[in-house]
Amino acid sequence: MKSFMAILAGVILVSCGGGGSSNGIASGTGDVIPPKETQVNGPAWSGFGRNAQHDAMSGIATQALNRIVWRTAVDVAPQYSAGGYLLYHYGSPVITAKNTVILPVKSAANDTYRFEGRSGSTGSQLWQVSSDYVMPAHRWTPSYNLALTSANRIYAPGAGGKVYFRDDADSASATTQTTAFYGDAVYTASKAALDASVFINTPITSDAQNNIYFGFTADAGNPAGLTSGIARITADGKGSWVSVKNLVGDVSITKAATNSAPAISADQKTVYVVVNGNAGTSVRQPGYLLALDSTTLAIQSKVLLNDPKEKTAAFVSDDSTASPTVGPDGDVYIGVLEATASAHNQRGWMLHFNADLSKSKIPGSFGWDDTASIVPASMVSSYKGSSSYLIMVKYNNYARSGSGDAKNKVAVLDPNTSQQDSISDQQVMTEVLTVLGATPDPNYPGGVYEWCINTAAVDPFTKSILVNSEDGNLYRWDLTSNTLSEKIRLTSGLGESYTPTAIGPDGQVYAINNAVVFAVGK
């Protein structure tokens, strides 16, 4: 299996594939041993990137990667491209404090979805709900993501901009309800027309007060009088929305960036959203990062997402799942592609701003389809700098793109100090640690298979990070030794869109490969 790129209308498609190698890394068996049901009460994993800041940082030590405890399909009828690739972004597992794993599942050959609760201990299904969700216009299939609130309510997207919710995500007997942010009566009166003209196009994010936020697109002339925008629904069901066009005042910007999850500041006062142009009219879509008041959705500030080298609008692609990460100091990170295809080896940039977006800070040298994870500086014993936290990013260097050499890495970066970029003349975030992929890629002599991750789970307790590779393995990156200290084979690998890792309240690790989610533990 090989990694792949396809350039269509000036747009790069980069995703991951597979292979295999041992390289002396401690390896799990991959065998499934019948698990036993156990009682758990621990830290929840509430959505994409774990929480509303998308820090992807676990609240519990992970189990050893000894075996596959259970597995189940997140796509019951995967549709592969003519080249054998799987261009679907699968949503992140959501895991309650009591260890119910809630999965978004593509349930048919077409883009039909359900969401289901399973025992984290055994994988047995506890409940399932069919959704009538309709995808927005897309090329790569966008992710269908769920959100868990601090009150243990689970939300899922539905058609027409409505959301499904269940008030006890652990209960098999909980009632499933729906609500529309523009009014249930309006939705009921014109259901068919609204289902065909209004589409949730981002993951849902919940704040600490159990309010939810998401982006949507709306076709002209829809019965609710909506234009593409950002929606908010309170815990008691009151909905509001704002138009992206009205927020930005730039005719090239029309909607929330597809796949990009809203993020919320730690003080819960600000919602950060990425907005962009229409892919049909903007081949390399420009975009802005917006800071909105979390109660009124009024705009507080905005910044055009520029390529730091070319000094012009970066490419904010709807094929990417890159979402804002809010650091412990309030700084905001967002990944973009470079303005000109292959000018930075299709790595893009990890842009970095202060909390009110008034100051652009040192960029990272990779941002394509990647949401930065937060790494407390105490996790890296070799680090002698002054930053209280670092960030972890994918760091692939794609073969056949610019000067790319297939020396594909993941990296921990210092966001507050700089070094000369190895690819350009720019100053970029300092590389604190990097690790090369483990498996040689026979298609690119001297190269290795790509890292296949869009948000990587960080374990401060074992000072390690859990990362998927295109070689079909899940790896533990030990930050003390800077080695890949454990691995477990999930599949033989194939070309597919980047995937998340997540951690359950019992320390089990969850990873997706070839349309299957794997629960991995001791």
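Biologist: How many cavities of 30 Å³ or more are there by this rule?

Modeller: The count is five. Keep in mind that this is a predicted model.

Biologist: What space lies in the largest cavity?

Modeller: About 100 Å³.

Biologist: Which residues lie nearest its centre?

Modeller: Val-316, Ser-317, Ser-320, Ala-322 and Gly-335 do, out of 16 residues that line the largest cavity. Strand E24, residues 332-336, gives three residues, the largest share of that lining.

Biologist: And the lining by class, what does it have?

Modeller: Ten nonpolar residues, five polar and one charged.

Biologist: Changing topic. Which residues touch the most other members in the largest nonpolar core?

Modeller: Phe-115, Leu-146, Ile-154, Val-163, Phe-181 and Phe-214, in a core of 34 residues. Several strands give two or more residues to this core, among them E7 (113-119), E8 (125-131) and E11 (162-166).

Biologist: Which element gives the largest share of this core?

Modeller: E15, with four residues. That strand covers 212-218.

Biologist: Back to Ile-154. What is Ile-154 in contact with, leaving aside neighbours within four places in sequence?

Modeller: The contacts of Ile-154 include Val-94, Ile-102 and Trp-127, then Leu-146, Ala-147 and Leu-148. Tyr-164, Phe-165, Arg-166 and Ala-169 are also in contact with Ile-154.

Biologist: What about a second core, which residues does that one include?

Modeller: The second core is separate and has 32 residues, including Ile-95, Leu-466, Leu-474 and Ile-503.

Notes
Residues are numbered from 1 along each chain as its sequence is written. This is a predicted model: local features need pLDDT of at least 70, side-chain atom pairs count only at pLDDT 80 or more; totals for chains, interfaces and linings use all residues. Side-chain values use heavy atoms; hydrogens and water are left out. A nonpolar core is a set of buried Ala, Val, Leu, Ile, Met, Phe, Trp, Tyr and Cys residues joined through side-chain atoms within 4.5 Å. Buried means under 20% relative accessible area, exposed over 50%, partly exposed in between (1.4 Å probe, protein chains only). Contact means heavy atoms within 4.5 Å. On a 1 Å grid over the protein atoms alone, a cavity is a set of points where a 1.4 Å probe fits but cannot get out, and a pocket is an open set with protein on both sides within 12 Å along at least five of seven lines; lining residues have an atom within 4 Å of a point. Grid points are joined across faces, edges and corners, and a volume is the space filled by probe spheres set on the points. Ala, Val, Leu, Ile, Met, Phe, Trp, Tyr, Cys and Pro count as nonpolar, Asp, Glu, Lys and Arg as charged, and the others, Gly among them, as polar.
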